Amino acid sequence: MKKIFALVFLVFLFAVQFMNAYGIQRFPKPEFESGYVQPETLMPNPRAEVLAIMDIVVLIFCLSVVSWLVIKKRSRNKVFWMSLFALAYFGFYREGCICSIGSIQNVTLALFDTSYFIPLSAIIFFVAPLVYTLFFGRTFCAAVCPFGAIQDLVAFKPQKLGARLNAMLGVIPYVYLGLAVLYAATGTDFIICRYDPFVGIWRVNASFGMFVFGGLLLVSGIFIARPYCRFLCPYGVLLNWTSRFSRKHITITPAECIQCRLCKNSCPYDAIDMPVTGKNPDDKRTMGRKLIFITFLIPVLMLVGGWTGSRLHEQLAGVNGKVKLAKQILNPVSDKNQAETFEMEAFKSAGKQQSQAFAEAADVLHDFYIGGWILGGFIGLVFGGLIAGLLITKHHTDYTPNKGTCLSCVRCVDYCPVKVT
Amino acid sequence: MQNRRDFLNLLCRGTILTGLAATTGVLAYRSVKSGNCELGSSCSNCGKSDNCSLTEAVLYRSTVWQLDPAKCIQCGRCATNCVMTPSAVKATHVFAMCGYCDLCGGYLKPDTKNISTAAENQLCPTSAIKRKFVEDPFYQYTIDEPLCIGCAKCVKGCSAFGNGSLQLQVHHDRCKNCNQCAIARDCPADAYSRVPASKPYLLQGIESKPDDKQIG
Amino acid sequence: MVNIDVIMKQKIIILAALTVLLVLIIFAVKDFFFSKPGNSNPYEFELDKVRTGDTSMAVWAETHQFKTTLEEIHGITTDASGTIYISGKDAVEMLDAEGKETGKFPVEGTAFCIALNQEGNLLLGMLDHIEIWNNAGKQLSRWNSCGSDAVITSIATRGNNVFVADAGQKVVYRYDKKGNLLNKIGLKDPATGVPGFIIPSAYFDLGISNDGNLWVVNPGRHSFEKYTFDGKILTSWGKASMAMEGFCGCCNPSNFAMLNDSLFVTSEKAIERVKIYNADGSFNSIVATPDLFEPGTKGLDLAVDKQNRILVLDPVKLMVHVFEPK
Ligand code: SF4
Ligand code: SF4
Ligand code: SF4
Ligand code: SF4
């Protein structure tokens with residue numbers, strides 16, 4: 001029954017469509033007498049869809065091999081070659097799209113906007129590296145991510161930055177992540193893609209500005225190893241936190257640490273935790289006081305942050321196209337000599353109602369108000385965490401890679417004199 | 001001590017894993033299931049939803065960027081804002097809609113005195129449009145694809161003076177299918193959207209397959 | 001000493017690298033929050049410049065605007081009493097010479113063109129066939145369809161003859177009053193010199209001059225062609241040009257009307273303008289310049305009433321512009 005109904009409806013729809021076309025619009029083309037054959041309209045095909053499956057296969061393959069090399073083989077050399085392969089495939093062949101870092105936004109948008117269609121490859125590129133990290137540490141960063149690979153290549157003279165500076169700059173990725181999620185969730189923009197520093201390098205004929213952006217980042221990367229990974233990458237934040245709970249993780253020494261300090265300077269990313277000498281760096285009393293201080297501080301910071309964020313929501317939303325348009329409708333160009341903005345021109349030619357444009361902008365603003373609270377609160381929390389990390393030093397005996405910030409590049413392993421027996 | 005640590009670790013790992021699995025599940029389920037198609041039996045490429053639930057959507061297809069020429073106001077940003085130089089957006093000639101006019105609004109500058117192929121008469125900044133005599137009084141206009149920079153000048157001319165057979169389209173052999181198209185975010189007319197890769201082109205006035213009878 | 005130097009150097013390097021990093025971040029933040037997309041188009045096509053006409057040359061002035069209540073309008077004509085008839089979607093409306101509505105009756109479908117015959121009845125072109133109605137709103141007859149490809153865009157009558165312009169099949173039909181086809185006019189024939197109509201879009205007008213000949217627009221050739229009622233071509237004139245003296249775009253003029261039986265009032269699309277030409281095809285004067293119409297207005301149908309006012313049908317603003325000499 002339902003089927004018949006659907007069929008009737010279908011026929012009806014076709015009829016309606018036909019009627020529309022059957023107006024003054026229907027018009028025959030010129031009648032050629034010289035036997036002229038009309039050429040086909042040029043419409044080149046997009047990349048074959050199966051190739052998206054290939055990307056996924058290559059990703060899984062790389063992740064598996066690199067994890068195995070890191071955990072079992074412990075070979076810097078082989079990891080390096082894998083990173084070159086990833087650079088060639090994901091970087092120069094796929095030209096940086098699709099990438100795991102950007103996929104954060106696809107996933108966010110898909111969660112918030114049900115009408116957005118998320119391709120399977122975007123889901124896998126988001127999830128797979130996190131799952132592998134959960135088991136083997138950040139092997140994705142070691143040699144699968146093309147961003148990491150290209151920066152690793154230029155890290156000729158890495159300098160030590162010191163714990164404090166590292167921790168402070170380490171806040172930036174959190175803010176970046178928060179903003180990226182906010183803008184993706186509101187359907188405004190994909191800022192990670194917008195400021196992707198290396199597209200200019202992957203795509204040889206990209207605009208000059210993008211090329212300079214990536215080039216400068218690489219120049220600073222000569223002295224600060226992997227600057228994007230450590231102080232910008234929003235996906236790194238997620239990897240950092242999953243890696244802390246990883247089942248296995250690279251170890252510097254295959255057996256017991258003999259405190260020889262040889263590996264101390266081997267990590268270009270300052271990711272080796274030094275032993276904290278003294279049995280108890282803080283006595284119980286001060287430790288307790290610090291803890292209490294922090295438990296009070298964090299909620300306060302979150303509240304302050306959230307409040308500030310909500311205050312700033314109009315500024316944050318100012319980037320959104322709908323809000324921009326509404327603003328322009330409210331403040332039209334009064335100067336007669338000045339041309340109308342393209343946005344206004346398009347709005348007028350689309351024949352949409354002003355009230356509708358305002359309603360849409362109001363919706364977006366409301367989203368940003370809530371988003372502002374959440375983003376602000378999140379940033380407050382991050383700062384609280386930063387302060388806590390600086391205040392509290394944990395007892396620690398051996399030289400070990402920091403499970404969060406270690407990028408599993410396997411450089412340190414070669415410095416350890418202890419060999420498997 | 002060590003045991004408790006391990007246990008906590010395991011717990012957190014489990015939680016994160018479950019979270020990831022749930023997210024994947026929800027997204028995968030949605031992209032198969034969701035959609036607000038009215039027909040529900042076969043795809044008529046209605047364009048109402050870019051995540052329609054019909055058979056081909058069941059395969060996780062990929063998406064590409066599509067420009068709707070009906071919305072475009074020919075602002076010129078397609079030429080300037082693409083991450084590629086020259087832009088991956090190009091003028092596309094829908095021959096089935098063309099009037100083959102001698103006095104072509106997309107080819108000639110409006111103040112042209114004598115109709116000829118002289119460079120100073122040509123509207124296109126890169127002389128990418130080729131004019132060829134077919135038979136009296138018809139001329140065929142073809143876009144020299146590599147030369148076109150997607151500036152939309154000819155598109156504006158053709159829609160103002162002619163049938164609107166010159167239209168901008170994203171040429172998918174050149175387009176990098178950026179996760180976020182750099183033109184889309186700056187397009188004042190909101191003409192860009194993500195569409196299934198199986199239906200990448202949208203020409204105005206005719207269905208994607210040119211049909212002699214429906215032109216306009 | 002050496003040690004301190006090394007440390008200093010190291011510090012400077014770190015500082016420099018960090019500065020580069022921060023500059024990049026600041027640049028991005030500034031670009032994202034504080035930059036506006038430029039509003040200049042290096043490839044601007046200045047249509048507006050083309051669209052402004054030299055009004056100093058206009059010897060006609062708009063004196064009235066008559067609003068219509070129809071939702072879509074296509075054709076206009078007038079009769080000896082000064083009544084204005086407007087045809088459109090699903091209806092025909094009548095206005096008096098002052099623009100007051102005097103009547104309105106429904107028709108089935110869209111009447112794309114309208115003409116009056118000697119008896120005072122209305123001939124309506126309904127896409128593919130002709131219907132005859134009296135002005136009380138009663139259908140008197142309905143002729144056979146001209147074919148499934150037909151798009152009737154204009155009608156003119158004189159005596160026993162009814163001429164119908166079919167843009168779809170690029171031909172003019174000559175019927176008698178009863179609707180019997182007498183002959184076809186304008187089919188391409190190198191032997192008689194008939195060039196054939198080039199009609200890229202559905203605008204194709206015709207009219208009868210007082211010397212008893214038929215004038216047909218050949219829009220694709222930007223010209224007027226003069227035929228005898230039997231279909232013999234007599235003469236033609238017209239010039240393709242964006243300038244005032246010529247007809248612009250791919251196919252123009254879209255409509256015309258005869259003034260004083262010897263002048264041609266023409267209307268164009270693309271550059272929306274109404275002009276007057278002498279019988280020999282030389283440019284006479286400007287009636288209306290593009291700034292009067294919405295950009296993109298197509299199908300400005302024309303009529304001349306008994307006071308020699310020019311009536312311009314504006315299908316976008318849904319009104320009739322009335323022009324009188326200055
Ligand atoms: S930190 Fe980010 S950019 Fe660096 S390797 Fe990991 S995912 Fe790639
Ligand atoms: S940016 Fe948008 S409005 Fe401008 S030319 Fe491109 S599609 Fe048209
Ligand atoms: S005018 Fe512009 S869009 Fe048209 S063909 Fe030339 S470069 Fe391409
Ligand atoms: S997706 Fe990228 S390459 Fe394609 S048109 Fe947009 S900016 Fe250009």
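**A residue between two chains**

Mentor: Leaving aside neighbours within four places in sequence, Thr341(A) is in contact with Gln328(A) and Asn39(C); contact means heavy atoms within 4.5 Å.

Trainee: How should I read the numbering, and what kind of model is it?
Mentor: This is a predicted model, in which local features need pLDDT of at least 70 and side-chain atom pairs count only at pLDDT 80 or more, while totals for chains, interfaces and linings use all residues. Residues are numbered from 1 along each chain as its sequence is written, chains are lettered from A and ligands numbered from 1 in the order in which they are written, and side-chain values use heavy atoms, with hydrogens and water left out.

Trainee: Where is the place of Thr341(A)?
Mentor: Thr341(A) lies in the loop between helix 17 (321-330) and helix 18 (342-350) of chain A. Helices (H or I, at least four residues) and strands (E, at least two) are DSSP runs, numbered from the N terminus.

Trainee: Is Thr341(A) buried or exposed?
Mentor: Thr341(A) is buried, with a relative accessible area of 16%. Buried means under 20% relative accessible area, exposed over 50%, and partly exposed in between (1.4 Å probe, protein chains only).

Trainee: With which side chain does the side chain of Thr341(A) make a polar contact?
Mentor: The partner is the side chain of Gln328(A), at 2.6 Å. A polar contact is a pair of N or O atoms within 3.5 Å; within protein, one must be able to donate a hydrogen and the other to accept it, and residues adjacent in sequence count only if both atoms are side-chain atoms.

Trainee: On to chain C and chain A: how many residues are in contact?
Mentor: On the side of chain C there are 33 residues, and they are in contact with 39 residues of chain A. The area buried between these chains is about 3,000 Å², and carbon and sulfur atoms give 72% of it. Buried area is the accessible area (1.4 Å probe) that two parts lose on being put together, summed over both.

Trainee: Which classes of residue does chain C bring there?
Mentor: The side of chain C that touches chain A has 21 nonpolar, eight polar and four charged residues. Ala, Val, Leu, Ile, Met, Phe, Trp, Tyr, Cys and Pro count as nonpolar, Asp, Glu, Lys and Arg as charged, and the others, Gly among them, as polar.

Trainee: How many salt bridges are there between chain C and chain A?
Mentor: The count is zero, although four residue pairs are in polar contact across that interface (both at pLDDT 80 or more). A salt bridge is a side-chain nitrogen of Lys or Arg within 4 Å of a carboxyl oxygen of Asp or Glu.

Trainee: And what is the count of salt bridges between chain A and chain B?
Mentor: There are three. In one salt bridge, Arg185(B) pairs with Asp189(A), the closest N and O atoms being 3.6 Å apart. Chain A and chain B bury about 6,100 Å² between them, 63% of it on carbon and sulfur atoms.

Trainee: What is chain B itself made of?
Mentor: Chain B has four helices and six strands. Of its 216 residues, 55% count as buried.

Trainee: Lastly, which residues surround ligand 4?
Mentor: Among them are Trp65(B), Cys82(B), Cys175(B), Lys176(B) and Cys181(B); a residue is near a molecule if one of its heavy atoms lies within 4 Å of it. The shell has nine nonpolar, no polar and one charged residues.
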